[in-house]
Amino acid sequence: TGGLSRLVAASPDLVAADVMLIADAGNVELGTPTVTTSLRGTGSVLVTVRTMAGPGHSGMYGGAAPDALAALIAVLATLRDDAGDTTVSGLDNTGTWVGAEYPADRFAADARVLPGVELLGSGSVADTVWARPAATVLAIDAPPVAGVTAAIQHEARAVVNLRVPPGQDAAAAQRLLVAHLEASAPWGAQLTVEPKTLGQPFAARTQGRGYAALAAGMRAAYGRDLVEAGQGGAIPLCNVLQAAHPDAEILLIGVEEPACHIHAADESVDPGELGRTAHGVASMLAELGS
């Protein structure tokens, strides 16, 4: 919740190190040692659309009265094209990933996509989730179906989350999102956009002694070469640590893999992955200390 970030900023000497190992990532699949080298930043906004002073009866006014919920839906629909790519005006959505690929069938299984439902994006899965921005509608304020009445809505709200890949400035991307939403309101609807959260993306260095030691240690523990992956989520502490110690190597690993269902009710970790990762880190430390 920010306490550790504030501590690092206030007392950087407490965490001074040549190599920093953050165990808040994971492996691309069970038994494949993985280092996360890319984190997307984040920026959320609250969108509010207003069209009338109050709700109106759909029988008396429906057809001519501007429906705020319909206006909001139209605005949100502009955030993706027919291929599912995020389309925020002025924001580059053509990035490509150069590390390990993320096979589409494995991603669909990991994300528990229903049979027959298509994945989004015109590039590879790795491009889409690790190297390109993504605008996602997280929540909408609207009347629930259980309490429906025959009323045209005068106001509707939504939270849109923007994920921003390394190489793009999250603050600038969030401003582009705000401008895009403001320009998309139909029928002269009154639309306001309020920025909420903001976090910069992160890219790790992979040429230092720490990375080489990690690769050797994980190879010894897993019997397989270390692969590089990205992560769609943000870890703001990485940027704080990098700012405090620009020369430090920051490496992200973890014991999670997709079958763990992290943050779900049935979250779990494979015991073998715990053992292999501990072995790999121990070998890494032995190499660095030799």
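Visitor: What covers the buried residues of H3?
Guide: The cover includes strand E3 (41-50), strand E5 (134-141), strand E7 (155-164), helix H6 (170-183) and strand E8 (190-199). Helices (H or I, at least four residues) and strands (E, at least two) are DSSP runs, numbered from the N terminus. This is a predicted model, in which local features need pLDDT of at least 70 and side-chain atom pairs count only at pLDDT 80 or more, while totals for chains, interfaces and linings use all residues. Residues are numbered from 1 along each chain as its sequence is written, and side-chain values use heavy atoms, with hydrogens and water left out.

Visitor: Which residues of H3 are buried, and what puts them on the same side of H3?
Guide: The buried residues of H3 are Ala 68, Ala 71, Leu 72, Val 75 and Leu 76. Their arc around the axis is only 135 degrees, and therefore they lie on the same side of H3. The arc is taken from the directions from the helix axis to the C-beta atoms.

Visitor: Why does Asn 161 count as buried?
Guide: Buried means under 20% relative accessible area (exposed is over 50%, partly exposed in between; 1.4 Å probe, protein chains only). Asn 161 has 7% relative accessibility, so the residue counts as buried.

Visitor: What does the side chain of Asn 161 make with the side chain of Thr 42?
Guide: It makes a polar contact at 2.9 Å. The term requires a pair of N or O atoms within 3.5 Å; within protein, one must be able to donate a hydrogen and the other to accept it, and residues adjacent in sequence count only if both atoms are side-chain atoms. The side chains of Asn 161 and Arg 163 are also joined by a polar contact, of 3.1 Å.

Visitor: How many aromatic pairs does the structure hold, and why is that of Trp 97 and Trp 130 called edge-to-face?
Guide: There are 3 aromatic pairs. Rings of Phe, Tyr and Trp (its six-membered ring) pair if their centres lie within 6.5 Å; planes under 30 degrees apart count as stacked, over 60 as edge-to-face and the rest as tilted. The centres of Trp 97 and Trp 130 are 5.2 Å apart and their planes stand at 65 degrees, so the pair is edge-to-face. Both Trp 97 and Trp 130 are buried.

Visitor: What makes the pair of Tyr 102 and Trp 130 stacked?
Guide: Tyr 102 and Trp 130 lie 5.5 Å centre to centre with 25 degrees between the planes, so the pair is stacked. Ring pairs link Trp 97, Tyr 102, Phe 107 and Trp 130 into a cluster.

Definitions and conventions
Contact means heavy atoms within 4.5 Å.
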